[in-house]
Amino acid sequence: MSAEHTLTPTSYIQHHLSFLAEPVGQGPFWVLHVDSLLTAVILGVVSLGFIAWVVRGATAGVPTRRQAFVEVLVDFVDEQVAGIFHGERRKFVAPVALTVFVWVLLMNAMDFLPVDIMAKGLQAVGFEEFRLVPTADVNTTFALALSVWVLMIFFSIRVKGLGGWIHELFCAPFGGHPALWIPNFLFNLIELVSKPLSHSLRLFGNMYAGEIIFLLLWLWAATGLVGTAFAAVLGLGWAIFHILIVVLQAYIFMMLTIVYIAMAHESH
Amino acid sequence: MNINFSLFAQAIAFAAFIWFTVRFVWPPLLAVIEERQTKIADGLAAADKGARSLEEAQVRIQTMVEEARVQARQILDQAQTRAGGIVEEARESAGQERDRIIQTARAEVDQQVNRARDELRGQVAAIAVAGAEKILAREIDARTHQDLLDRLAAQI
């Protein structure tokens with residue numbers, strides 16, 4: 001950041017960590033993070049639109065490189081789903097997994113964009129505060145995890161019936177004895193709460209931490225020539241390491257999505 | 001970490017993207033991939049079949065060549081025995097012919113010898129008669145002494 005006003009490390013980081021928030025009603029809840037929402041939607045539209053565009057022109061003959069790329073992606077996701085979910089996966093579960101993987105991967109990848117250059121550009125078009133990594137926004141990861149959670153409960157009820165689902169809440173995993181109903185229910189309650197929490201916070205934590213480390217490195221870069229050199233080298237190292245994290249977290253998020261939905265299909 | 005309405009907005013976006021993928025991305029691409037898979041499988045099967053039929057054809061060719069070789073050998077053997085037979089036959093018939101020719105020649109010679117002998121015999125008789133005529137200086141009636149002359153001729 002430039003030194004147009006006194007810049008402290010705290011204000012620098014705070015600046016980069018504040019959302020472009022738009023109130024849509026009364027109270028602290030009725031706020032919209034326009035930046036993460038906008039980025040997420042743009043990325044989703046672009047990536048899935050690209051895939052849909054390739055699919056529209058797909059042939060069963062010799063595929064173009066573009067089509068082969070999309071096919072590799074779809075095949076990869078399909079294979080992962082096939083290894084976990086035993087059932088009619090192609091109707092819904094595999095497409096969900098593909099959506100999650102592609103979308104989360106691209107949202108995570110926003111971390112690679114150099115924050116200060118992007119901030120300058122966004123300032124130029126009028127966005128004073130803009131966070132580029134939607135998955136470093138806990139709302140995004142919670143939205144994804146809770147959506148998966150809703151799907152999980154939906155499939156649980158659809159497969160086992162409402163009665164079956166409630167029966168399982170009280171009679172699994174320890175057994176159907178009336179004395180075990182309460183422990184079973186508490187156990188299931190913890191599971192129901194912990195699943196979306198761990199699902200969302202794992203992704204959020206990783207991306208948020210990655211962002212913070214970048215910010216700290218760029219903060220160091222602001223201290224002078226030596227700092228800039230070190231920050232550049234370490235920033236490169238962190239970015240390369242971050243490629244792994246970005247892909248791995250997207251992969252883990254997808255796998256957990258599949259696992260949760262698959263578990264919903266299994267009755268005890 | 002402030003949870004707010006963004007959560008719902010993101011969830012709605014997520015739902016929309018899921019719907020989009022389920023509806024427009026997954027089925028057509030998978031249909032294409034599966035179509036190609038069957039195509040490739042068919043192609044591989046066809047190639048396999050081709051290779052197998054080639055193998056079979058080679059085996060058939062091998063047996064045919066073997067058969068042809070055996071047949072050729074048989075034909076050759078047959079031809080050789082036949083040729084031997086023909087030569088033998090020719091030799092035999094030639095020998096017979098030779099014998100026959102020799103026989104006829106011999107018979108002819110014999111005949112000619114006999115004829116010459118007969119002629120000579122006649123001539124000798126005539127000479128004897130003429131000699132006797134001259135010696136006796138008188139004519140001997142050839143007719144009355146015919147059997148005497150004949151006996152003389154037979155003795156010669």
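At 38% relative accessibility, A:Trp30 counts as partly exposed (between buried, under 20% relative accessible area, and exposed, over 50%, with a 1.4 Å probe and protein chains only). This is a predicted model, where local features need pLDDT of at least 70, side-chain atom pairs need pLDDT 80 or more, and totals for chains, interfaces and linings use all residues. Residues are numbered from 1 along each chain as its sequence is written, chains are lettered from A and ligands numbered from 1 in the order in which they are written, and side-chain values use heavy atoms, leaving out hydrogens and water.

A:Trp30 and B:Phe5 make a tilted aromatic pair, 5.1 Å centre to centre with 40° between the planes. Rings of Phe, Tyr and Trp (its six-membered ring) pair if their centres lie within 6.5 Å; planes under 30 degrees apart are stacked, over 60 edge-to-face, the rest tilted. A:Trp30 lies in the loop between strand E1 (21-23) and strand E2 (31-33) of chain A, and B:Phe5 in the segment before helix H1 (6-136) of chain B, so the pair joins two chains. Those helices (H or I, at least four residues) and strands (E, at least two) are DSSP runs, numbered from the N terminus. Ring pairs link A:Phe29, A:Trp30, B:Phe5 and B:Phe8 into a cluster.

## A charge over a ring

Over in chain B, the charged end of B:Arg23 sits over the ring of B:Phe24, 5.0 Å from its centre (the rule: NZ of Lys or CZ of Arg within 6 Å of the ring centre and within 35 degrees of the ring normal).
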